[in-house]
Amino acid sequence: MQIAIDGPASAGKSTIAKLIAKNLNFVYCDTGAMYRTVTLLAKKHNVGYGDTLNILKLMSEHKIHFLNKEDGQHVLLDDEDVSDAIRTEEITNNVSQVSAIKEVRTELVEMQRDLANDIDIVMDGRDIGTTVLPHAEVKIFLIASVEVRAQRRFKENIERGIDTPLKELQDEIAARDYKDSHREISPLKKASDAIEVDTSDMTIEQVVERVTEIVNEHK
Ligand code: CDP
Ligand code: CDP
């Protein structure tokens, strides 16, 4: 069974996808982590975020893979654990430029389809229901108002000791949503057969309950 969870930044995709995968004993795949890792690769090698040729060269020379540990999914770039390094503001603010490159998407989508082949999986991202797994049995499109999403990220940051002003986070989220929804190749978009869940006024537990109901209806 394939479960696709898409939606804008900070809608709760990875939180919900991880919990659903854990409850169902499915594999979880965070596709955003892959685009973030390619962005980190460019940064590490001083390659411009729009420099397609050199980014593709770096992708052919390095390996991105996932490791499932007790405390969740870790992302490795070659042998280095980059799970934290891909979450910095620098990467967050530039990932949409890298993810808009057609050739980068082609390679990562192929990796994602390979990962989902023949296993029960929950995959989250922006184009899972529309492009990566168009035949997924369950497609969820998670949304929440930009104010609520900024507030959630603000709280998450405070817990990590980062104090970015709320307004800045709201502008960053809105800018990334705009770029992700307006790019030419597989933009962020609700698949016609996806079920939209507005989580603005829902707790994590309530969202998990609602998504579980939807999954059970499709079993
Ligand atoms: O967790 P957050 O909402 O901050 O973002 P993410 O899921 O880690 O994704 C980071 C970025 O990767 C997005 O803003 C998109 O530009 C890109 N992305 C994409 O283009 N396609 C996907 N399937 C997943 C992420
Ligand atoms: O993966 P995505 O960027 O869509 O969002 P996330 O990283 O899963 O969630 C962003 C933040 O919102 C996390 O701190 C979650 O704990 C929180 N969240 C929440 O407070 N209420 C929800 N219904 C869903 C997520």
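Which residue of β7 does D6 stand opposite? Select D6 and look across to β7: the residue there is F141.

**Before you start**

This is a predicted model, in which local features need pLDDT of at least 70, side-chain atom pairs count only at pLDDT 80 or more, and totals for chains, interfaces and linings use all residues. Residues are numbered from 1 along each chain as its sequence is written, chains are lettered from A and ligands numbered from 1 in the order in which they are written, and side-chain values use heavy atoms, with hydrogens and water left out.

**Stop 1**

Colour the strands (E, at least two residues) and helices (H or I, at least four residues), which are DSSP runs numbered from the N terminus. Five strands make an open sheet, ordered β2-β6-β1-β7-β8, with parallel pairing. Each edge strand, β2 (27–30) and β8 (195–198), has a single partner, so one of its sides has no neighbour in the sheet. From one strand to the next, the twist averages 20°. Two strands count as paired if DSSP finds at least two bridges between them. Strands of a sheet pair through backbone hydrogen bonds, either parallel or antiparallel.

**Stop 2: strand β1**

Select residues 2–6, which are β1. Five bridges join β1 to β6 (residues 121–125), and the two run parallel. In that pairing, Q2 stands opposite I121. Four bridges join β1 to β7, again running parallel.

Now show the side chains. Is β1 enclosed or open? Five of its five residues are buried, so β1 is largely enclosed by the rest of the structure. Buried means under 20% relative accessible area, exposed over 50%, and partly exposed in between (1.4 Å probe, protein chains only). Q2, A4 and D6 are buried on one side of β1, and I3 and I5 on the other.

**Stop 3**

Select α1, residues 13–24. Helix α1 packs on the sheet and touches β1, β2, β6 and β7 (138–143). Contact here means heavy atoms within 4.5 Å. The direction of α1 makes about 180° with that of β6. Axes are lines fitted to C-alpha atoms, for helices over the stretch in contact, and angles run from 0 to 180 degrees between N-to-C directions.

Next, select α9, residues 204–217. Helix α9 lies across β1, β7 and β8, at about 155° to β7.

**Stop 4: T199**

Go to the loop between β8 and α9 and pick T199. T199 is buried, with a relative accessible area of 1%. Beyond its neighbours within four places in sequence, T199 touches A11, L142, I143, A144, R152 and V207.

**Stop 5: the three-stranded sheet**

Three strands form an open sheet in the order β3-β4-β5, and the pairing is antiparallel. At the edges are β3 (64–69) and β5 (80–81), each with a single partner strand, so one side of each lacks a neighbour in the sheet. Select β4, residues 72–77: six bridges tie β4 to β3. Find F66, whose bridge partner in β4 is V75.
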